Amino acid sequence: MSGLSTDYIILAGGCFWGMEQLFRELEGVESTDVGYTGGKLVNPTYKDVKTGETNHAEAIKITFETSKISIDEILHFFFKIHDPTTVNRQGNDIGSQYRSAIFIRTDEQREAALKVIKEVEGLGRFNGDVVTSLEDEREFYLAEDFHQDYLLKNPMGYTCHFIRK
């Protein structure tokens with residue numbers, strides 16, 4: 001695969017299982033990993049994060065081929081598959097670990113995030129304002145193997161994510 005240009009972005013929008021499943025099917029996405037980021041605890045586990053006390057978010061690291069999909073397209077899709085108007089909540093999942101966040105690594109990502117948020121708010125898709133936080137990228141810790149590709153291994157598993165119009 002030499003010659004291909006890839007990039008990555010880390011997003012949080014509730015339970016990482018459902019986000020991973022939908023992103024993996026998106027044209028141009030090379031790989032997905034689920035994990036924890038945004039908190040201060042080193043090497044957190046699910047047991048730590050699920051308490052909501054570590055400030056880590058369940059997140060997904062999306063590696064994509066830049067010639068097939070843009071950062072704007074990734075972000076627009078992100079806003080189609082979760083509700084960015086609820087603070088620390090997605091569906092039945094409540095707590096800071098389920099917050100809506102974009103973990104910014106570059107100026108390009110920050111500019112794209114601000115632009116897409118404005119576009120999404122202009123669409124009138126949601127009843128409330130977008131409350132997605134823009135946070136500086138921090139260490140991304142892979143979740144336990146059990147969580148990786150969870151909905152492929154458990155097709156009847158729980159998810160609160162779906163594609164909105």
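This is a predicted model: local features need pLDDT of at least 70, side-chain atom pairs count only at pLDDT 80 or more; totals for chains, interfaces and linings use all residues.
# Reading the terms in this model

Student: Why is leucine 134 called partly exposed?

Tutor: Leucine 134 has a relative accessible area of 27%. Buried means under 20%, exposed over 50%, and partly exposed in between, using a 1.4 Å probe and protein chains only. Residues are numbered from 1 along each chain as its sequence is written, and side-chain values use heavy atoms, with hydrogens and water left out.

Student: Where is leucine 134 placed, and which residues does it touch?

Tutor: Leucine 134 is in strand β7; strands (E, at least two residues) and helices (H or I, at least four) are DSSP runs numbered from the N terminus. Contact means heavy atoms within 4.5 Å. Leaving out residues up to four places away in sequence, leucine 134 touches Ile102, Ile104, Arg110, Ala113, Leu114 and Ile117. Its C-alpha atom is separated by 23 Å from that of glutamine 21, 113 residues away along the chain.

Student: What makes β7 and β8 edge strands?

Tutor: The open sheet has six strands in the order β7-β6-β1-β3-β2-β8, with mixed pairing. β7 (133-136) and β8 (141-142) each pair on one side only, and that makes them the edges.

Student: How do you know that β2 and β8 pair?

Tutor: Two strands pair if DSSP finds at least two bridges between them. Strand β2 (residues 29-37) and β8 have two bridges, in the antiparallel sense, so they pair. Tyrosine 36 has tyrosine 141, in β8, as its bridge partner. Helix α1 (residues 16-24) packs on this sheet and touches β1 (6-13), β2 and β3 (57-65). The direction of α1 makes about 170° with that of β2; axes are lines fitted to C-alpha atoms, for helices over the stretch in contact, and angles run from 0 to 180 degrees between N-to-C directions. Helix α3 (residues 71-80) also packs on the sheet, with a direction at about 20° to that of β1.

Student: Why is α1 said to be largely enclosed?

Tutor: Eight of its nine residues are buried, so the rest of the structure largely encloses α1. Among the buried ones are Trp17, Met19 and Phe23. The buried residues of α1 pack against β1, β2, β3, α3 and α5.

Student: Why is the pair arginine 24 and aspartate 149 called a salt bridge?

Tutor: A salt bridge is a side-chain nitrogen of Lys or Arg within 4 Å of a carboxyl oxygen of Asp or Glu. The closest N and O atoms of arginine 24 and aspartate 149 are 2.9 Å apart, which is within 4 Å, so the pair qualifies. Arginine 24 lies in α1 and aspartate 149 in the loop between β8 and α5 (150-153), so the pair ties together parts that are 125 residues apart in sequence.

Student: What makes glutamate 65 and lysine 68 a salt bridge?

Tutor: Their N to O distance is 3.9 Å, within 4 Å, so this pair qualifies too. Glutamate 65 is buried, at 5% relative accessibility, whereas lysine 68 is partly exposed, at 47%. The structure holds eight salt bridges.

Student: Why is aspartate 7 called buried?

Tutor: Its relative accessible area is 19%, and 19% is under 20%, so aspartate 7 is buried. Aspartate 7 is found in strand β1.

Student: What makes the approach of aspartate 7 and arginine 105 a polar contact?

Tutor: A polar contact is a pair of N or O atoms within 3.5 Å; within protein, one must be able to donate a hydrogen and the other to accept it, and residues adjacent in sequence count only if both atoms are side-chain atoms. The two side chains make such a contact at 2.5 Å, which is within 3.5 Å. Asp7, Arg105 and Glu137 are also linked in a network of salt bridges.

Student: What makes a set of residues a nonpolar core?

Tutor: The members are buried Ala, Val, Leu, Ile, Met, Phe, Trp, Tyr and Cys residues joined through side-chain atoms within 4.5 Å. The largest such core has 27 residues, and Ile9, Leu11, Phe23, Ile74, Leu75 and Ile102 touch the most other members. Helix α3 gives the most to this core, with six residues.
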